[in-house]
Amino acid sequence: MSNLVKAIRIEKNGGPEVLQLVQIEVPAPGDNEVTIRQHAAGLNFIDIYFRDGLYKNPLPHGLGFEGAGEVTAVGKAVTRFKVGDRVAYGQSPIGGYAQARNVPAAQVVKLPDGISFEEAAAMMLKGLTVQYLLRQTYRIKEGETILFHAAAGGVGLIACQWAAALGVKVIGTASSPEKAALAKAHGAWEVIDYSKENVVERVLELTGGKKVPVVYDGVGKDTWMTSLDCLQPRGLMVSYGNASGAVEGVNLGILAAKGSLYVTRPTLAVHVNTPEKMQAAADELFEMVLAKKIKIRIDQRYPLEQAGEAQAALAARKTTGATIFTLN
């Protein structure tokens with residue numbers, strides 16, 4: 001393969017228009033890196049946060065943290081991988097929107113034969129996110145009822161299926177009847193259409209006045225108070241994303257007033273910060289997919305040239321399931 005590959009770069013923060021399709025050279029891998037010829041890369045909300053500057057990174061830089069493909073070169077200190085291995089990653093240095101790239105071997109996992117490159121690119125970041133949310137941040141237990149916002153999104157559809165497989169009832173939220181139906185088809189017990197229903201009132205009804213022990217909220221600013229109002233005393237608010245903007249100016253007294261609540265703002269990186277933790281989380285995810293307990297739904301595919309359109313569609317809540325970039 002030629003060392004020159006297509007990639008997306010930004011030189012300044014801003015809207016989708018700042019994305020530039022460029023040719024870049026992929027250097028030989030560092031001692032602890034592998035070079036991956038990518039077949040597909042994933043699109044996630046975090047990519048938009050880095051593009052618009054909510055999350056800071058020295059400019060210029062690429063975008064994207066999730067991809068899958070074949071190893072074409074290995075650094076001299078790498079022992080876990082060889083040329084030709086099928087691999088995937090969901091937590092890498094920024095720069096996944098590229099036909100080929102170097103990634104630290106510690107952040108890469110081997111991909112089982114039963115999972116396609118496209119499925120892997122659609123599920124690594126989202127699936128590992130669900131793994132840490134449901135199995136580590138708060139370990140959900142059979143018989144519980146939980147609230148999961150944006151249940152028809154890429155993370156939400158995986159969460160609905162995983163929770164259902166564990167015997168947990170998911171109350172999801174969604175912005176339209178179509179999205180609500182999609183979440184239910186993927187295992188949600190009930191879905192609240194927040195465009196026309198009051199989420200807090202519906203959660204009270206559905207739980208017989210008990211509310212829920214945990215709320216998973218990737219929406220952020222718009223749902224913060226709603227989420228707190230759905231929690232049982234001493235319940236846990238898991239604020240893991242900011243699709244509507246960051247939660248700011250939090251008055252800790254609110255947590256006391258609403259029932260001695262707990263709040264956490266977790267990230268995937270901290271939960272998979274060693275090769276062993278990364279592989280263990282990925283293995284649990286792969287096991288669920290190979291057992292057909294989780295189906296990965298890819299509803300949008302774009303070439304790299306249309307990265308701006310893809311991000312705009314995600315930000316406008318026009319997507320369902322996962323979006324990937326096809327790179328072959």
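Contact here means heavy atoms within 4.5 Å, and helices (H or I, at least four residues) and strands (E, at least two) are DSSP runs, numbered from the N terminus. What you're looking at is a predicted model, where local features need pLDDT of at least 70, side-chain atom pairs count only at pLDDT 80 or more, and totals for chains, interfaces and linings use all residues. Residues are numbered from 1 along each chain as its sequence is written, and side-chain values use heavy atoms, with hydrogens and water left out.

**View A. Helix α4 and its neighbours.** The buried residues of α4 pack against α3 (154–165), β9 (169–174), β10 (190–193) and β14 (298–303). Helix α4 itself spans residues 177–185, and its buried residues are K179, A180, L182 and A183; buried means under 20% relative accessible area, exposed over 50%, and partly exposed in between (1.4 Å probe, protein chains only). Down the axis of α4, these buried residues fall within an arc of 160°, so they line one face of the helix. That arc is taken from the directions from the helix axis to the C-beta atoms. As a reminder, an α-helix has 3.6 residues a turn, so residues three or four places apart point the same way. On the face turned away from the buried side of α4 sit the exposed residues E178 and A185. After α4 comes G187, with a positive phi near 110°.

**View B. Helix α2 crossing α3.** The axes of α2 (residues 117–137) and α3 come within 9 Å and cross at roughly 50°. Axes are lines fitted to C-alpha atoms, for helices over the stretch in contact, and angles run from 0 to 180 degrees between N-to-C directions. That makes α2 and α3 oblique to each other: angles under 35 degrees count as roughly parallel, over 145 as roughly antiparallel, 65 to 115 as roughly perpendicular and the rest as oblique. From α2, M123, K126, G127, T129, V130, Q131, L134 and R135 meet G154, V155, I158, A159, W162 and A163 in α3. Sorted by class, this contact of α2 with α3 has 8 nonpolar, 4 polar and 2 charged residues (Ala, Val, Leu, Ile, Met, Phe, Trp, Tyr, Cys and Pro count as nonpolar, Asp, Glu, Lys and Arg as charged, and the others, Gly among them, as polar).

**View C. Helix α2 again, now with α9.** Here the axes of α2 and α9 come within 9 Å and cross at roughly 100°, so the two helices are roughly perpendicular to each other. M123, M124, G127, L128, Q131 and R135 in α2 meet M278, A281, A282, E284, L285, F286 and V289 in α9.

**View D. E287 on helix α9.** E287 lies in α9 (residues 275–290) and is exposed, with a relative accessible area of 56%. E287 and K184 are 103 residues apart in sequence and 22 Å apart in space, C-alpha to C-alpha.

**View E. Helices α1 and α10.** The axes of α1 (residues 45–52) and α10 (residues 307–315) come within 10 Å and cross at roughly 110°, which makes α1 roughly perpendicular to α10. F45, D47, I48 and R51 in α1 meet Q311, L314 and A315 in α10.

**View F. Q91 in its loop.** Q91 is found between β5 (86–89) and β6 (100–104), and is buried at a relative accessible area of 18%. Not counting residues up to four places away in sequence, Q91 touches F65, Q107, L268, A269, V272 and M278.
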